[in-house]
Amino acid sequence: MTIDETLGTLAGADVYVVDGVISDIGANLSVPEGTEEIDASRMIVMPGMIETHWHTWTSLMRNLLSPGNEYFAVKRAFVPHMTPEAYYASDMLAFAEALNAGITTIHNYCHHVASPETVEAEMRAHQDSGLRALYTFGHRDGQPNEEPIDFALAEQVMSDWFSGSSPFEGLVDFGYNSRGPHVIGEELYRREMDWAFGNDLMTAVHAGQGRRNFAAKPMKDWGYLGPKTLLVHYVHAEAEDRAVMAEVGASLSYSIQSELRLGSAGGQAQQLVHMFNDDVNVSLSFDGNTLAQIDMFEQMATAWYMGIPFNGSSTEGLKPLDFPDVLRMGTINGAKALGIADKTGSLTVGKRADIVLLRADDLNMVPNGFVDGMLARSARAANVDTVIVDGRIMKRDGKIVGLDIDRIREDVARATFDVRKEIGDIYMPESTTAPTY
């Protein structure tokens, strides 16, 4: 399943990788003697999936939601107590979960830039993970709306981590996420966006989940809406917003489970259908593992279930989403949304080798039939056997091989325990010692 419009779906084909690049695709390829082979004869081979909006620093909060005490309340409790160690542990947990699920690229949307030390911890996590990523730099949670982001820190991070001598070697990109003009006002918004566009950065903004307070047209009029702009959520978008997005090539990041739980429009499924029908580039995201299962197959399947027109609604008569559509949302559309479609998002000769192999003989995958439906509806993260990022094998035979999973578990357990002790109240751990796994 190449997701390449020219190649389509190929039965029994080989994928030849040289120095991290897809060198050839086809049946019975001739390769040099000694080339390492991975037997995928009982598997489905597809591009690595791409996630486009994830607050990875919140990962350690995942299992602390409770009745009457959901995401935002938990986040408010944790924010003042997040240490660099907690950031690193949270990020590594998220990155490991992504790799385990066949996600080879994520967007680390940091909307709590707490200190230089926490940013340093996140950069080390990106370096240690081996995952392809976009890191977007934002504000400090709770920061007064009249204060700008820390430009000096952002410039320092770009210099230290994303210059010509970057340790990421092109695997991680730097961007900016905005609070939006509806939060910080037009003047400060334009100041920050001018800085971002002056540095040629990908930009992202939360465009409304709780109520309509964001419009796309002013962004276009100011020159800030285009292929390097990612609008997140936007469950309250109207026809004119979608038309402007499609016209200039701006993308949507739709966090399916989060929209269903936190969105107040009441027509989240209809918004998805409208975005698709209005030719907006729709990508998929989790928001956080506090709010969603880290399983892009589940995201794609839910999008397929949601993506149908309803009689008597504004979507009546529109085209439904089908299996190929949601597969693109989880792969090549995500690459377009993050500005890296020339590198990844499809199995295409010349692109980087971000490749996933799924077991086609697992119980939930049999009997085998049409491959696009198998991937877009039946498959789940548990079927992922092998994950390759930039030509490096990160998971094989169902087990992650590129990361120390035991250490990741212990680090996040210790960090969560320490933060919970600092918060106290309902978060106080029952035990006096951190759990071990």
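In the predicted model, Asp406 is partly exposed, with a relative accessibility of 47%. Its salt-bridge partner is Arg409, and the closest N and O atoms of the pair are 2.6 Å apart. Arg409 is likewise partly exposed, at 37% relative accessibility. Both residues belong to helix α14 (residues 405–423), where a spacing of 3 residues places Asp406 and Arg409 about one turn of the helix apart. A further salt bridge joins Arg414 to Asp418, with 3.3 Å between the closest N and O atoms. Arg414 and Asp418 are 4 residues apart in helix α14, so about one helical turn separates them. Relative accessible area is 43% for Arg414, which is partly exposed, and 30% for Asp418, which also counts as partly exposed.

The total number of salt bridges is 22. Among them is the contact between the side chains of Asp362 and Arg359, at an N to O distance of 3.1 Å. The two residues of this pair fall on either side of the 20% cut-off for burial: Asp362 counts as buried at 18% relative accessibility, whereas Arg359 is partly exposed at 22%. Salt bridges also link Arg132, Arg352, Asp354 and Asp390 into a network.

The structure contains 1 cavity of 30 Å³ or more, and the space in the largest cavity amounts to about 40 Å³. Strand β6 (residues 132–137) provides the largest share of the lining of this cavity, 3 residues. By class, the lining of the largest cavity consists of 5 nonpolar, 1 polar and 2 charged residues.

At least two lining residues come from each of β1 (14–18), β3 (43–47), β12 (355–359) and α13 (371–378). Of the elements, β1 gives the largest share, 4 residues. The lining of the largest pocket holds 23 nonpolar, 8 polar and 5 charged residues.

The second largest pocket has a volume of about 790 Å³. A set of 27 residues lines this pocket, with Phe72, Lys75, His111, Val183 and His206 nearest its centre. Two or more lining residues are given by each of α1 (71–78), β7 (172–178) and α5 (181–198). The largest share, 4 residues, is from α1. The class composition of the lining of the second largest pocket is 6 nonpolar, 15 polar and 6 charged residues.

The largest nonpolar core contains 131 residues, and Phe78, Phe174, Trp195 and Tyr234 have the most contacts inside it. Helix α2 (residues 84–100) contributes the largest share of this core, 11 residues. When residues up to four places away in sequence are set aside, Phe78 is in contact with Leu60, Met61, Leu64, Val419, Arg420, Ile423 and Tyr427. Another core lies apart from the largest one and has 7 residues, including Ile22, Ala353, Leu357 and Ile388.

Burial was also examined for helix α9. Of the 10 residues of α9 (residues 268–277), 8 are buried, so the helix is largely enclosed by the rest of the structure. The buried positions are Gln268, Ala269, Gln271, Leu272, Val273, His274, Met275 and Phe276. These buried residues of α9 pack against the helices α7 (239–248), α8 (256–262), α10 (296–306) and α11 (323–329), and against the strands β10 (251–254) and β11 (281–284). After α9 comes Asp279, with a positive phi near 65 degrees.

Methods
Residues are numbered from 1 along each chain as its sequence is written. This is a predicted model: local features need pLDDT of at least 70, side-chain atom pairs count only at pLDDT 80 or more; totals for chains, interfaces and linings use all residues. Side-chain values use heavy atoms; hydrogens and water are left out. Ala, Val, Leu, Ile, Met, Phe, Trp, Tyr, Cys and Pro count as nonpolar, Asp, Glu, Lys and Arg as charged, and the others, Gly among them, as polar. On a 1 Å grid over the protein atoms alone, a cavity is a set of points where a 1.4 Å probe fits but cannot get out, and a pocket is an open set with protein on both sides within 12 Å along at least five of seven lines; lining residues have an atom within 4 Å of a point. Grid points are joined across faces, edges and corners, and a volume is the space filled by probe spheres set on the points. Buried means under 20% relative accessible area, exposed over 50%, partly exposed in between (1.4 Å probe, protein chains only). Contact means heavy atoms within 4.5 Å. A salt bridge is a side-chain nitrogen of Lys or Arg within 4 Å of a carboxyl oxygen of Asp or Glu. A nonpolar core is a set of buried Ala, Val, Leu, Ile, Met, Phe, Trp, Tyr and Cys residues joined through side-chain atoms within 4.5 Å.
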